[in-house]
Amino acid sequence: MADDLLGVERSGWIKVHPLVVRITHWINVLAVLIMLASGWQIYNASPLFDFTFPPALTLGGWLAGALQWHFAAMWLFVLNGIVYVAYGLASGHFRRKLLPLSPRAVLHDIGDAFRGRLAHDDLSKYNAAQRAAYAALIVALLVLVASGLAIWKPVQLYWLASVMGDYEGARLVHFFAMAAVVLIVLVHVLMVILVPRTFPTMFTGRARRVS
Amino acid sequence: MNKSFLVHRTPQVKRLERRLFLGRSLSLGALALLSGCNLTDDAAVQRVLTAMSRWNDGAQDWLFDPKRLAPEFPESRITQPFPFNGYYAEDEVIEVDGGRYRLELSGLIRDRKPWTLAELYALPQVSQVTRLICVEGWSAIGKWSGVRFSEFLQRIGADLTAKYVGFKCADKYHTSIDMATALHPQTQLSFRFADALLPAKYGFPMKLRIPTKLGFKNPKHIAAIFVTNTYPGGYWEDQGYNWHSGS
């Protein structure tokens with residue numbers, strides 16, 4: 001659990017992901033999948049744009065069922081998110097793993113990624129493109145929660161809805177934050193497929209050192 | 001599985017395999033959720049979802065501030081044309097005979113005499129321009145006029161400590177709300193829409209306008225009102241929509 005074991009262990013294994021991060025990551029996968037699939041069903045009841053989501057990708061069967069899933073899974077998603085963010089802030093995990101974030105380094109590493117030259121030698125350290133993507137994902141999920149609360153409670157949380165352009169504005173914010181999350185997750189999954197040895201580290205927490 | 005492989009299955013490798021298996025099971029479980037439309041109909045799943053919906057009723061009751069007002073808008077923001085919505089099509093809207101109409105009262109109410117429309121119109125009238133939010137997601141701003149529901153409940157001697165106020169409608173619709181919302185200053189027994197007599201499609205002779213609840217909690221064509229401590233449910237609520245559905 002301690003995040004201070006980043007150094008090389010005697011065995012040649014390096015610590016990549018703390019236990020709290022691994023557990024919250026997989027709970028989050030489950031919660032976000034439920035929120036997305038049920039959210040798409042809810043969207044289909046009154047589409048904001050000129051398209052609907054394919055029923056095969058939705059959850060709940062109809063609007064009432066989708067709402068039940070959405071408002072049940074939100075507790076799992078938010079409580080799990082609170083544990084993750086509290087741990088990330090208190091332990092210094094965010095500071096160590098996600099900082100510094102310089103636009104130039106991010107662009108440089110994205111360029112390297114497209115040329116297939118991005119280094120993944122030390123899996124315990126994120127490159128600048130990863131740091132930017134993970135930080136953006138955390139921000140997008142926070143915006144999703146805030147806009148979701150504004151849609152759910154536009155009267156009780158009027159102050160929250162008003163900064164997003166009232167109820168209808170919050171619906172748009174909620175949609176685009178969802179789109180950002182989907183985009184980042186797709187790139188994330190693609191990168192795991194391209195660098196498959198990162199995958200087991202999200203279960204075991206460690207990787208063999210590349211010398 | 002040959003022997004040399006088994007030799008290499010150290011406890012560490014075994015632990016790794018177990019974790020990989022757990023992880024994959026988790027992903028498979030998530031996939032099953034996504035593809036399973038029938039999952040929601042499973043009795044055990046439905047019990048959990050219903051229990052969570054009841055829990056959310058409590059959470060919303062706790063979040064509800066009886067003094068917090070829904071935003072009001074200038075009349076220039078009124079949605080034109082204001083959408084029709086109901087559990088039937090617009091051409092199936094019922095026509096209520098205003099002359100013969102009597103509002104029936106029952107339950108925990110001291111004075112249960114029926115009310116004529118003329119008597120109701122004589123009560124002090126107020127107006128509001130508020131946003132109606134449908135459970136489907138869309139919203140529309142309209143202007144409603146009528147009597148404050150709290151004023152009406154006090155006049156008929158309703159038990160204001162009771163839990164629920166229920167509504168039976170002339171179009172066979174029914175719903176119920178919590179007493180705290182019934183007493184909210186913007187909850188209105190509305191007789192007029194856009195400064196004209198409430199048209200049939202918006203609920204003649206009266207609807208309960210609640211800007212702190214979703215549209216389906218705003219019953220139209222109200223025929224009877226009752227006060228009770230027994231959970232009355234509702235047309236959509238009984239089919240799975242969240243009962244509190246507060247904004």
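Predicted model: local features only at pLDDT ≥ 70, side-chain atom pairs only at ≥ 80, totals over all residues.

Mentor: A polar contact is taken here as a pair of N or O atoms within 3.5 Å; within protein, one of the two must be able to donate a hydrogen and the other to accept it. The backbone nitrogen of B:His244 lies 2.9 Å from a polar atom of the B:Asp57 side chain, and B:Asp57 belongs to helix 3 of chain B. Because its relative accessibility is 9%, under the 20% limit, B:Asp57 counts as buried. Apart from neighbours within four places in sequence, B:Asp57 is in contact with B:Asn242, B:Trp243 and B:His244.

The helix itself comprises residues 43-63 of chain B, 21 residues in number. From its first C-alpha to its last, helix 3 of chain B reaches 30 Å, close to the 30 Å expected at 1.5 Å a residue. Its N-terminal end is capped by B:Asp42, a side-chain oxygen of which lies 3.1 Å from the backbone nitrogen of B:Ala44. The buried residues of the helix are B:Val45, B:Leu49, B:Ser53, B:Asn56, B:Asp57, B:Ala59 and B:Gln60. What covers these buried residues includes two elements of chain A, namely helix 2 (63-90) and helix 5 (128-152).

B:Gln60 is among the residues in contact with B:Ser245, along with B:Lys213, B:Leu214, B:Phe216 and B:Lys217, when neighbours of B:Ser245 within four places in sequence are left aside. B:Ser245 lies in the segment after strand 9 (222-228) of chain B. With a relative accessible area of 6%, B:Ser245 is buried. Its side chain reaches the backbone oxygen of B:Asn242 at 2.7 Å, and B:Asn242 is also one of the contacts of B:Asp57.

Chain B has six helices and nine strands, and buried residues make up 48% of its 247 residues. Of the contacts in chain B with a separation of 6 or more, 68% are between residues 24 or more positions apart.

The peptide bond from B:Phe204 to B:Pro205 is cis, with omega near 5°, and B:Pro205 sits in the loop between strand 7 (196-197) and strand 8 (207-209). B:Ala194, although not a glycine, has a positive phi of about 50°. B:Ala194 is found in the loop between strand 6 (188-193) and strand 7 of chain B, and a relative accessible area of 42% makes B:Ala194 partly exposed.

The size of an interface is often given as the accessible area lost when the parts come together. For chain B and chain A the buried area is about 3,800 Å², with 64% of it on carbon and sulfur atoms. The rule finds 13 residue pairs in polar contact across this interface, both residues of each pair being at pLDDT 80 or more.

One salt bridge is found across the interface. The side chains of A:Asp166 and B:Arg131 meet in a salt bridge, at 2.8 Å from N to O. On the chain A side, A:Asp166 is placed in helix 7 (residues 166-194). A:Asp166 is buried, with a relative accessible area of 14%, and has a positive phi of about 65° although it is not a glycine.

To return to the part examined: helix 3 of chain B has buried residues whose cover includes helices of chain A, while B:Asp57 has contacts with B:Asn242, B:Trp243 and B:His244 within chain B.

Note on methods:
Residues numbered from 1 in each chain as written. Chains lettered and ligands numbered in written order. Heavy atoms only, no water. Helix = DSSP H or I, 4+ residues; strand = E, 2+ residues; numbered from the N terminus. Expected span 1.5 Å × (residues − 1). Buried < 20%, exposed > 50% of the residue type's maximum accessible area, 1.4 Å probe, protein only. Contact = heavy atoms within 4.5 Å. Buried area = accessible area lost by both parts, 1.4 Å probe. Salt bridge = Lys/Arg side-chain N within 4 Å of Asp/Glu carboxyl O.
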